[in-house]
Amino acid sequence: MKIGVLGAGQLGQMLALSGYPLSNRFSFFDTTGSPSAEIGETLCDPSGDQLESFLSQVDLVTYEFEHLPLDLVKRVAERKALYPGVEALRVCQNREAEKALFDRLNIPVAAYRVVESAEQLAQACQVLMQQGAAAVVAKSITEGYDGKGQAVLKDPSEAETAWQQIGHSRLIVEAFVDFVREVSIIAVRGRQGDVVFYPLAENHHAEGILRYSLAPLPDVTDAVQHQAEAYIHKLLDSLDYVGVLTLELFQCADGRLLANEMAPRVHNSGHWTQNGSITSQFENHLRAIQGLPLGSTKALKPTCMINIIGQMGDTQHILALEGVHLHLYGKSERSGRKLGHINVVADDLTSLIKQVRLVSQHLPNAPEPKFTCVAV
Ligand code: AMP
């Protein structure tokens with residue numbers, strides 16, 4: 001089976017790495033002009049002129065990147081089986097459409113407003129703060145990722161500056177959630193509607209970029225895990241989704257989960273599954289889109305994923321530590337760039353945190369690893 005992947009970054013590369021044992025071969029289509037996947041064939045074509053030639057080489061198509069031109073993706077779907085479909089991508093490209101879907105499915109989110117000017121932003125900020133928000137987060141409706149296109153406002157008087165800084169004509173303004181922690185759930189839906197769920201992961205960001213994901217979490221009750229599963233299941237079914245879907249959530253002090261956003265693809269917060277679970281998110285995505293039985297999502301051991309951001313760090317020393325798996329993406333160093341990640345696997349949580357601390361000492365600018373599920 002020759003699989004066509006729209007996007008050619010590290011996620012595509014890791015999909016291919018897990019697909020070779022399934023006898024899959026890969027062809028990537030890059031629209032950004034800077035592909036990084038170094039496995040299979042890559043067609044770099046920002047104009048989309050060579051789409052036909054790409055499609056003629058593949059049996060089915062998936063995507064590993066959501067900032068794709070929707071017209072191009074529609075052209076793909078007219079010619080080949082595309083999993084997940086166009087609608088999932090359309091919704092995930094637009095925070096307003098995403099929030100509307102959450103609302104329609106009764107999936108709770110932070111209180112929000114849509115605004116189209118600095119004045120409306122100031123008004124929305126005032127209303128949300130009157131309703132009890134200590135601050136608000138303004139986000140561009142399209143094109144935001146890794147915290148880009150966002151501003152936190154502590155007072156309506158900051159609206160003009162935030163509006164200029166974000167530089168978009170339509171924004172979502174959300175109440176700032178005083179969450180206990182950020183978690184994500186990854187689920188996989190097969191072509192027959194069969195669904196499996198991974199355990200929730202706890203995620204830590206710095207400057208909007210994910211730094212650590214830890215799973216499984218000893219302090220997640222069955223009720224909370226099932227609640228997250230119920231939310232993502234509704235999303236999967238309503239989109240008639242095939243493949244891996246990720247839902248990022250805020251967990252509040254009372255245990256409540258509020259949906260933040262979703263990603264229609266394999267996700268950085270699921271990289272732990274490569275070494276910490278029976279079947280990785282990458283393999284399960286490939287199984288799903290090919291109509292194969294889905295693999296077990298059971299966690300093998302406590303696992304923590306650590307991102308390598310900007311600078312490579314001392315990988316020699318890191319590799320010498322016990323329980324460490326290094327995954328590099330073949331990219332050169334640049335501030336804020338994801339260069340690779342490390343999965344640390346241990347027999348118990350205490351040993352895991354000890355190893356994670358040791359690894360972080362060899363990574364320049366790594367924030368101190370702190371997790372709510374572990375007493376410091
Ligand atoms: P997003 O691009 O929506 O995932 O936002 C990036 C990060 O900003 C999230 O992972 C949170 O750490 C933070 N953030 C976003 N929205 C909110 C919110 N409403 N309340 C508190 N923090 C937020």
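I count a polar contact as a pair of N or O atoms within 3.5 Å; within protein, one must be able to donate a hydrogen and the other to accept it, and residues adjacent in sequence count only if both atoms are side-chain atoms.

I am working on a predicted model, where local features need pLDDT of at least 70, side-chain atom pairs need 80 or more, and totals for chains, interfaces and linings use all residues. Numbering starts from 1 along each chain as its sequence is written, and side-chain values use heavy atoms, without hydrogens and water.

I looked up Glu174 and found a polar side-chain atom 2.7 Å from a ligand nitrogen. Lys139 places a polar side-chain atom 2.8 Å from a ligand oxygen. For Glu261, a side-chain N or O atom is 2.8 Å from an oxygen of the ligand. The protein covers 90% of the 470 Å² of accessible area that the ligand has on its own (Shrake-Rupley method, 1.4 Å probe).

**Shell.** I noted 15 residues around the ligand, with Lys139, Gln150, Glu174, Val177 and Glu182 coming nearest (a heavy atom within 4 Å).

**Sheet.** I traced an open antiparallel sheet of four strands, ordered E6-E9-E7-E8 (strands are DSSP runs of at least two residues, helices of at least four; pairing takes at least two bridges). E6 (112-115) and E8 (150-153) are at the edges with a single partner strand each, so one side of each lacks a neighbour in the sheet. Four bridges join E7 (residues 136-140) to E8. Which residue of E8 is the bridge partner of Lys139? I found Gln150.
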